[in-house]
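Me: Hi! Could you walk me through the charged side-chain pairs in this model?

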Amino acid sequence: MTVTGPLVDVVCVGESMVTFLPSRPGPLADVPAFTRAIGGAESNVACTLAAAGHRARWVSRVGTDGFGDHLLDTVAAYGVDTGAVRRDPHRPTGVYFRTDADRATDAHEVVYYRAGSAASAMSPATVPYAAVAGARILHLTGITAALSADCRALLHELTAPRPGRPLVSFDVNHRPALWRDGTAPEVLRELADRADLVLVGTDEAERLWGTADPAALRALLPGPAALVVKDGARTALVLERTAARPGPPGTEDTGGVGGSEGTPGAPGPDTLTVVPAPRVEVVSAVGAGDAFAAGFLSGTLRGLDARARLRHGHLMAAAALTAPGDLAAPPRRARADRLAALGADAWGRLHLGPGWTSAGTEADEEVRTR
């Protein structure tokens with residue numbers, strides 16, 4: 001396969017599925033009806049970046065069934081290039097059902113029907129490197145590594161050092177239900193350490209490696225130029241080498257040299273930048289991690305400093321948290337830039353609720369103080 005066309009900002013590789021959202025809260029056994037949507041960490045990031053004005057490509061495999069049609073049509077409607085997605089006549093498109101509870105709670109249920117799916121057949125043979133060539137950033141997640149041995153081999157291939165490799169972004173995205181063989185801690189650590197930029201939540205870091213301490217995580221992952229650690233609704237930080245690999249081609253990434261909000265200083269050779277999350281009226285907790293990744297990558301593509309990248313991550317996450325479903329319209333760039341540029345006190349007063357992304361500029365004062 002040869003993929004041609006203009007340079008794209010981000011290529012996201014991974015499975016997307018048709019997801020069935022519950023009509024009401026409660027256990028799956030008690031939900032009488034579901035609404036069809038789409039869900040997939042990598043396609044979520046691609047769709048959010050495209051909606052934010054970036055050129056995004058999604059690379060995957062889907063079945064030659066109606067669910068595959070729906071996925072391709074929906075993702076393309078966001079402005080994402082789906083030309084590298086391949087149809088598999090022998091394997092189905094994956095689907096899953098979930099409750100509307102936060103993944104971090106015991107009330108959350110998810111049932112996957114993805115074993116033997118078309119995407120599980122992704123491999124170095126079925127997803128040639130040409131599919132990601134020309135990208136400024138290649139975004140991957142640990143979910144793909146859990147789908148099959150072939151998928152794991154693909155990620156190993158895509159993260160291998162090579163001349164002209166895009167900046168590789170890796171979201172650990174640990175899904176315990178997908179890992180039954182006990183290999184997740186080592187597999188995900190190895191893949192993360194081969195990337196340039198890594199995103200990990202404190203909860204999954206604790207599950208995988210027994211620590212959420214940034215210095216300990218940095219010792220486990222010395223390879224990436226930037227390590228982003230997300231602490232739920234509280235803070236996010238980035239540990240970034242002062243002599244880090246520059247941003248993707250076409251930017252002059254200022255790195256993590258800006259001032260931090262929170263504990264100053266940096267362990268070892270890294271610069272530490274910490275930004276608290278704004279207060280958010282949560283409608284749905286699903287999709288916030290993918291949205292944060294999209295916001296941080298958007299800032300990286302634009303060459304923003306570390307504080308701005310983290311703030312844009314928080315703002316994208318807030319857009320997802322204040323809307324139902326996995327995907328939400330991001331705030332307009334000019335508005336997000338104004339909010340990201342607030343002083344520390346004004347940023348600390350932000351309180352974002354449903355509909356904030358569509359509010360006009362005159363609402364900025366109300367949004368940040370109410």
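Me: Happy to start with an arginine: what is the relative accessible area of R302, and is it buried, partly exposed or exposed?
Reply: This is a predicted model, and in it R302 has a relative accessible area of 28%. Buried would need under 20% and exposed over 50%, so R302 at 28% is partly exposed.

Me: Nice. Which residue meets R302 in a salt bridge?
Reply: The N to O distance of the pair is 2.8 Å. The partner sits in helix 10 (residues 333–340), while R302 is in the loop between helix 8 (288–301) and helix 9 (306–321), 35 residues apart.

Me: Which helix holds both E186 and R189?
Reply: These two form a salt bridge, with the closest N and O atoms 3.0 Å apart. E186 is partly exposed at 45%, and R189 is partly exposed at 21%. They are three residues apart, about one turn of the helix, and that helix is helix 5 (residues 184–193).

Me: Last one: how many salt bridges does a search of the whole structure find?
Reply: Among the linked residues are D9, R55 and R136, in a network of salt bridges. For the whole structure, the search finds 14.

How values were computed:
Residues are numbered from 1 along each chain as its sequence is written. This is a predicted model: local features need pLDDT of at least 70, side-chain atom pairs count only at pLDDT 80 or more; totals for chains, interfaces and linings use all residues. Side-chain values use heavy atoms; hydrogens and water are left out. A salt bridge is a side-chain nitrogen of Lys or Arg within 4 Å of a carboxyl oxygen of Asp or Glu. Helices (H or I, at least four residues) and strands (E, at least two) are DSSP runs, numbered from the N terminus. Buried means under 20% relative accessible area, exposed over 50%, partly exposed in between (1.4 Å probe, protein chains only).
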